[in-house]
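Please open the structure in your viewer and keep the selection panel at hand, as each stop on this tour begins with something to select.

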Amino acid sequence: MNQKRGFFAILVLLALGGVILAIARHVVTGTPFLPGQEKSVWLVEARIDFDADGGAVTASLALPEDQLPGYELFAEQAASPGYGFAILTERRSRRAEWTRREASGEQSLYYSAQLVESENRDDNHANDPPVDYARIVYWDEARELAARDLLKVARERSSSPQSLTRELIKLLDSATSQNAALLRSGADQRSDLLMHLLERADIATRSVKGLYLEDARRRQTLSRLVEFYTGSEWLLVDPRTGAVGLPADFLVWTRGRASVLDVIGGAKSRVQFSMIRQSVPATQLARASNGEGLFSRLGVQRLPIEEQSMFKLLLLLPLGAAVVVFMRVIIGLQTSGTFMPVLIALAFLQTSLVAGLVSFVLIVAAGLALRSYLSRLNLLLVARIATLIVLVVFLISALSIIGYQMGFSTGMTITFFPMIIIAWTIERMSILWEEDGSSEVMKQGGGSLLVAVLAYLLMQNPLLVHLSFNFPELNLVLLASILAMGQYTGYKLSELWRFRAMDDL
């Protein structure tokens, strides 16, 4: 009895501790309990990697301006142990510069910026006069003739710089034009090719590099758009789609000819970007990020953005685990394994629910068919599982490629499915089929999918996502509830339904 009291006392302490810590974090840092109360803040981090050669190192990275169309730079900071750091401003361009007397081996430098969404989408550079275009590009005779023919056709079909640009993009997209195919084959970037053609038509251009902001994206590179001068203003155009104007989710990082990254004293330099969106107020986010309090130091918001994106998913796992325990212990629903529904729900977060369900059923059905053939070969268990993993990899690759060729972009996202778990699930279901029949397979497979869907619906709830990420201590409450359910030894709801006829006796 005393041991049981001690156990329940621990449960109460865990739950109370989680709630008290969450309230304390709310009071100290001001992080709201409800999402969407204030402005959204984008945290964008640039990570620079290079191999230093042992001497002095100078790394320079182009930075966004203070005022950007659609966004306002709220705060910025750099993480670079052992390096001197400064932000240099020349005219209206800004660059971050890291310096060090000696460095060798692999080096990583970080720059992060907090950007607040703004209603002001006016571009300060829209009326800048063109100063540095007219780049001379030397093509061979064949490409020179192709460019002339393409420009001639575009001029005949246009009446202004806007319409000329639009027609050029259409012609470059033409699958039947040999001139377009020849020019495309010799160009590394569509944006560069479009700029060269426009400049030959005496239209000033400049390159615009930026990021398409999407929550929890990692290892992104800058996308390139093109600006052309109409005679009175600069207009932005997507060189692939021909859409004119600034895309709603596009963050302009830099424009013009200046390089994005320069590294002196190193080789193999590259820069990648990570981004995450938070719904906390901008002022309170700054206080949490820059403060020296205990909650600020222990919060996951202090980690690099790439790790924050990972933790945003990991902190949802306890929620999915609690759903599995509840459905199995209290409801009595059978599932195929304990972890599989949680991992499948996690994959649904990446693929969307419908696409994930269809892909999962197709992969498991095809896997069961292949597994039935493997059972005739009398392979050892290890070899059979290994063969099944290879076949699952092929199945997922085939579905991704077929989906992409058919124009379904969601086909590419099914690679998020945990392959080892799927292979093991197919193996277990196949054995279950041989021992207990197809009805048991349908029961456990359907139960797993039902639990995965329920877990997915909770794990993509905006309120729960907000609480799990900004108040990770609330997982102590989930831990207490899981421990409490683990002590339950009474009838499950499914058993009460099955034996309901005994009440009439």
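Which residues form a nonpolar patch on the surface? The model is predicted, so local features need pLDDT of at least 70 and side-chain atom pairs count only at pLDDT 80 or more, while totals for chains, interfaces and linings use all residues. Residues are numbered from 1 along each chain as its sequence is written, and side-chain values use heavy atoms, with hydrogens and water left out.

Select V19, I23, V27, V28 and V477, which form the patch and together have about 390 Å² of accessible area (Shrake-Rupley method, 1.4 Å probe, with only the protein chains shown counting as cover for residues). Patch residues have over 30% relative accessible area and no salt bridge, and nonpolar side chains (Val, Leu, Ile, Met, Phe, Trp, Tyr) are joined within 5 Å; a salt bridge is a side-chain nitrogen of Lys or Arg within 4 Å of a carboxyl oxygen of Asp or Glu.

Next, select helix α1 (residues 2-29), which gives the most to this patch, with 4 residues; V477 lies in helix α16 (residues 475-486). Helices (H or I, at least four residues) and strands (E, at least two) are DSSP runs, numbered from the N terminus.

Now move to the open sheet, where 4 strands follow the order β11-β10-β8-β12 with antiparallel pairing (two strands pair if DSSP finds at least two bridges between them). Because β11 (234-237) and β12 (250-255) stand at the edges with a single partner strand each, one side of each has no neighbour in the sheet.

Finally, select β8 (residues 205-212) and β10 (residues 223-229), which are joined by 6 bridges, and find T205 opposite F228 in β10.

Notes. Patches are made of residues with over 30% relative accessible area and no salt bridge: like charges are joined within 9 Å, nonpolar side chains (Val, Leu, Ile, Met, Phe, Trp, Tyr) within 5 Å.
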